[in-house]
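This briefing covers a predicted model.

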Amino acid sequence: MKKAAACLLIVFVLFGCGKTAGLIQKDDQESLAKSSDLYYKLMMWKYYEKAAQFVDPDKHKEFEAFVLANQKDLNITGYEIKEMVYLTENEAGEEPAQKETGECVIRVLYTYYKYPSVSEKSVMVEDTWIKKGKLWYNSSDFGPGTFN
């Protein structure tokens, strides 16, 4: 009986350690991967209104200015997510419902051309994504000089 209780205790301890070692964060990573991939696809196909759903509400004015400045001339032909660097992680023992914030920098390589030129160019962009509640949002500055 003591062996069974000891084994059961060990299983619970190991399971608990697994959760704090990053298993909880797997859902966050999958959520961010799906959100960012969809955002970049929407940008590539010029579905700016739908892409705006993935923009931090505090950055909507900057995003709108970016769209107005580029919607007619900018043509994104492709993108490749090169790296995702998480800046904040779950605390040990913290449950997913308690983790309401997070931050990640995504390095993405865009290929594009911008009228009147038809020469394709590439640019590496670092986008900051933040988690608010259970959703991830692009919180970049949307600077005017990104696609020259």
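Phe-63 is buried, because its relative accessible area is 2%, and the cut-off for buried is under 20%. The residue sits in helix α4, which spans residues 60–70.

**Surroundings of Phe-63**
- Leaving aside residues up to four places away in sequence, Phe-63 touches Tyr-39, Met-43, Tyr-48, Ala-51, Ala-52, Val-55 and Phe-142.
- One of these contacts, Phe-142, lies 79 residues from Phe-63 in sequence, yet the C-alpha atoms of the two are 5.9 Å apart.

**The sheet**
- An open sheet is built from 4 strands in the order β1-β2-β3-β4, with antiparallel pairing.
- The edge positions are taken by β1 (74–86) and β4 (135–138); each has a single partner strand, so one side of each is left without a neighbour in the sheet.
- From one strand to the next, the twist averages 30°.
- Strand β3 (residues 121–132) runs antiparallel to β4, and 4 bridges join the two.
- Ile-130 stands opposite Tyr-137, a residue of β4.
- In general, strands of a sheet pair through backbone hydrogen bonds, in either a parallel or an antiparallel arrangement.

**Overall fold**
- The protein contains 4 helices and 4 strands, and along the sequence they follow the pattern α-α-α-α-β-β-β-β.
- Of the 148 residues in the protein, 35% are buried.
- Among contacts with a separation of 6 or more, 62% are between residues 24 or more positions apart.
- The accessible surface comes to about 9,400 Å², and carbon and sulfur atoms account for 58% of that surface.

Definitions and conventions. Residues numbered from 1 in each chain as written. Predicted model: local features only at pLDDT ≥ 70, side-chain atom pairs only at ≥ 80, totals over all residues. Heavy atoms only, no water. Buried < 20%, exposed > 50% of the residue type's maximum accessible area, 1.4 Å probe, protein only. Contact = heavy atoms within 4.5 Å. Areas by Shrake-Rupley, 256 points an atom, 1.4 Å probe, with all protein chains shown as cover. Pairing = 2+ DSSP bridges. Axes fitted to C-alpha atoms, helices over the stretch in contact; angles between N-to-C directions.
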